[in-house]
Amino acid sequence: MIVQEPIQVIVWDCLNNYEYDNAIFLAERLHAEVASEETAFLLGTCYYRAGRVNETHHLLQNISLTLPQARFLLAKCSVELKSYKDAEIALGTNLDIIVSEFGEQAPYALQLLAKIYNITERRSKAAEALRKALSLNPFMWKSFTLLCNMGEKVDPHNVFQINNTEFTFGVSTLVNLVSNSENISFVNSNIPNNTNMNVNVTPNNVTTRTPMTMSTSITPEIQAPVKRMHSVFSGMAPIPFSPSFGMLPMEESPVLYTPTLTDSNEQKALPKIVNSLRAHVGQLKDAVFSPGPRCTLGPAPRRSSRLFSNNNSSYSVKENNKSPSRKFVAPKSPSRKSKQRTTKNIKTTTDTNERNKSIETTPTITPKNNNGLALLNLLKDLGDAYKALAFLDCKNAIKLFQEIPPKQQASPWVQTMIARAHYELAQYEAAAKIFSEIRKQYPNRSEGMDIYSTCLWHLQREAQLSALTQELVELNRNDSISWLAAGNCFSLHKERETALKFFKRAVQIDPDAAYAHALLGHEYAVAEETDKALSSFRTAVSIDPRNYVAWFGIATVYARQERWKASEVHIRRALAIHPHSGVLRCQLGLAQAALGKMDRAIATLERAVSLDTENPLCRFHRASVLLRAGRPQDALADLHHLKDIAPRESLVYYLLGKVHNKLGNSHLALMHFSWATDLDPKGTGGHIKEGFDPSKQEDAPERSS
């Protein structure tokens, strides 16, 4: 008969060391021997981490699940397999019941439930679940970003705060952290061989000051006077600087296990020391915490609680010290009589503690206040900036991102957000420059590279876009961003069929990518496949109702079909999402002009030019509408400005010829018509209609969002 608990520990050890094949093999042996819900969950976890989602789903679906961890795993697999009804049944729909049943896992269960609600277009319920998750765990950054992306107005200063000073979540993660063998470091460079070491684990060693109170503390009597910081996440040497969070002062928290080894041969004894300390740390964990996924899932056998008793007696760390090479510098061992007295005292104290269960108190794990508060303050600053970006207040977002601490500002995520803000402002040069720096420092990072490829598309940089596409495809052919870049690259080369093929590939890899559907729709629109274009745009809007690029695309398709009223309705939907876009207001002005609302059209185009003074498209369409409104003299200023910034644009010269013709300057009109013909002898005939009919535009303005 296989003993269940030790095998579980071995399997979790394999998982923590990323040895999934070995973990699966051992978990299968355990489940074959002891077919229980716990062993099924363990085996399912092994399958899931190895990427075998279907096997996990099949295993757990055929079992009557009662453990919340197993239900959560089944729901997660069901969502990945698009079986949303099964996932919702596994989680439940009552938020309060979910909180009570899932405990520490409740914020993650609520976030998963919100994803189901969002996919099934129950967005009000999704927002409620996300808000509940944030109220339980203020560090759920993803829940905050999802709320912002949904258009929900969330105040970061109310979200990222803790009402009490204790963390009531994440305890199992801390258990896993402490139980890791790499957290036990052996440092003997700064401690003399003759230094006396306190090798006793006493109630005084187990305090509630810092998250690292779970480790077995063996500290030297003489502390170094220099304040240093010790990493929470590793057993590395102290770090001589003071970050705002993530480090614990060594004077205020117990030092990790640092015994002095007096002989070089004693290095062979290190594995046994680690195993012994693991056993004692395990006793501490079982006394303090409820069982987590790393331990057994069911009710664990109760162990002795004398380590947390309120007496002042100390218990030495027992070791099977038969090896002559293991020599610790420790206090002299007591005599036999004192040993017998100590044993009797221990038994008496243990019996007293078991009779007086009310005296037993479980220590709570409270983090260092300035650690948690520093992280929460950073999240507040990032939350303000991200919220501004999500609501497309891009100038304010750039300002807020640039005000965060320099170390955080230099991180690739923050730089990507700043570049995205520049992109939304149609400042493609600035965005491309930031993305280029990100590519140099983080060549294996693909986040935001779809936006970068679109910036290069707008800037008409064929060589850079081709190089970016090749690098991304070689990096990961199963990433939709790689194929979006490839689609933009071939779209820039006017190879429509190839571009469509790559955009379709991106949609196939990630069907929930609204931006991919929007770009596919724009490419269909340029190829004049209006039905397919509308279908792609509507799919993008169904995935993300705040995707203004898709709403703008629907408006341009209706403009091509001269359905101006419908075009105006949809462009207003886009403007409601992005009111600071000059391109969207320009399109609205064209629709109003086509409907005969000349005064409104001119006012709208004036607003568009004021919002985006550097965009030549807005000035060109304002000049075109002014000419149609019988104000050719007012149109001349815009056209002369366009001639200076785009001296080889034939359409500008053609419209200048029309203006001079209206003003009676026949010789100037003929001169500009001649220049337009010289610049584009094959396209002048098409330009005649495009200058007045906005439904016959180049594809560049359609993508300038």
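This is a predicted model: local features need pLDDT of at least 70, side-chain atom pairs count only at pLDDT 80 or more; totals for chains, interfaces and linings use all residues.
**Notebook: Arg546 and the chain around it**

I started at Arg546: a polar atom of its side chain sits 3.1 Å from the backbone oxygen of Ala390. I count a polar contact as a pair of N or O atoms within 3.5 Å, where within protein one must be able to donate a hydrogen and the other to accept it, and residues adjacent in sequence count only if both atoms are side-chain atoms.

Numbering runs from 1 along each chain as its sequence is written, and side-chain values use heavy atoms, with hydrogens and water left out.

Where is Arg546? I found Arg546 in the loop between helix 25 (530–543) and helix 26 (548–560). Helices here are DSSP runs (H or I, at least four residues), strands likewise (E, at least two), numbered from the N terminus.

I then checked for a charge partner. Arg546 is buried but has no salt bridge, and the nearest side chain of opposite charge, Asp544, is 6.2 Å away. Buried means under 20% relative accessible area (1.4 Å probe, protein chains only); a salt bridge needs a side-chain nitrogen of Lys or Arg within 4 Å of a carboxyl oxygen of Asp or Glu.

Leaving out residues up to four places away in sequence, I see Arg546 touching Cys148, Asn149, Met150, Gly151, Ala390, Phe391 and Ile577. Contact is heavy atoms within 4.5 Å.

Zooming out, I get 35 helices and 4 strands, and 49% of the 705 residues count as buried.

Conventions:
Buried means under 20% relative accessible area, exposed over 50%, partly exposed in between (1.4 Å probe, protein chains only). Lys and Arg count as positive and Asp and Glu as negative; His and the chain ends are not counted.
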